[in-house]
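I opened this notebook to keep track of a few things to look up.

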Amino acid sequence: GLVVRLRLGATSLAFVSCHLAAHSHMLSRRNHNCSELLRETASALGPRHLTAAAQFDHVFWLGDLNYRTDLNAAAAAAG
């Protein structure tokens with residue numbers, strides 16, 4: 001993953017780009033990928049005890065996240 005930070009006036013921004021584990025059975029691995037990325041980039045971004053999500057006013061998470069919404073047609077029609 002890649003994290004870019006910038007400050008626009010008094011607002012701090014972070015942009016996270018990553019490619020997480022694919023396939024529906026890999027949900028826990030995707031979640032682990034996210035926490036690992038936040039933990040590993042924390043020391044490079046600022047105070048070591050804070051993750052990127054806690055250090056910025058806004059965090060934009062981009063990339064191939066591989067999270068899916070699994071709705072069948074009946075459930076979707078039922079609303």
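My entries on these topics follow below.

**Model.** I am working from a predicted model.

**Cysteines.** I looked for disulfides and found 0 in the structure. I then checked Cys18, which is in no disulfide; the nearest cysteine sulfur is that of Cys34, 5.8 Å away. A disulfide needs two cysteine sulfur atoms within 2.5 Å. I went through the case from the side of Cys34 too: the closest cysteine sulfur is in Cys18, and at 5.8 Å it is too far for a bond.

I also looked up how open these two residues are. Cys18 has a relative accessibility of 9%, so I noted Cys18 as buried. Cys34 has a relative accessible area of 16% and is buried.

**Backbone angles.** I searched for positive phi values in residues other than glycine. I noted His23, where phi is near 80°. His23 is in the loop that runs between β2 (11–19) and α1 (27–45).

Asn66 sits in the loop between β3 (58–64) and α3 (73–78). For Asn66 the relative accessible area is 8%, and I wrote Asn66 down as buried.

**Aromatic rings.** I needed two values for this entry, because a pair of aromatic rings is described by the distance of the centres and the angle of the planes. How many aromatic pairs does the count give? The count comes to 1 aromatic pair. The pair is made of Phe15 and Phe60, with ring centres 5.0 Å apart and planes at 15°, so I recorded it as stacked. Planes under 30 degrees apart count as stacked.

Phe15 is in strand β2 and Phe60 in strand β3, so the pair ties together parts that lie 45 residues apart in sequence. Phe15 is partly exposed, at 29% relative accessibility. Phe60 is also partly exposed, with a relative accessible area of 38%.

**Charge over a ring.** I found Arg30 over the face of Tyr67, at 5.2 Å from the ring centre.

**Recap.** I close with the cysteines and the rings: the structure has 0 disulfides, and the stacked pair is Phe15 with Phe60.

Methods:
Residues are numbered from 1 along each chain as its sequence is written. This is a predicted model: local features need pLDDT of at least 70, side-chain atom pairs count only at pLDDT 80 or more; totals for chains, interfaces and linings use all residues. Side-chain values use heavy atoms; hydrogens and water are left out. Buried means under 20% relative accessible area, exposed over 50%, partly exposed in between (1.4 Å probe, protein chains only). Helices (H or I, at least four residues) and strands (E, at least two) are DSSP runs, numbered from the N terminus. Rings of Phe, Tyr and Trp (its six-membered ring) pair if their centres lie within 6.5 Å; planes under 30 degrees apart count as stacked, over 60 as edge-to-face and the rest as tilted. A charge sits over a ring if NZ of Lys or CZ of Arg is within 6 Å of the ring centre and within 35 degrees of the ring normal.
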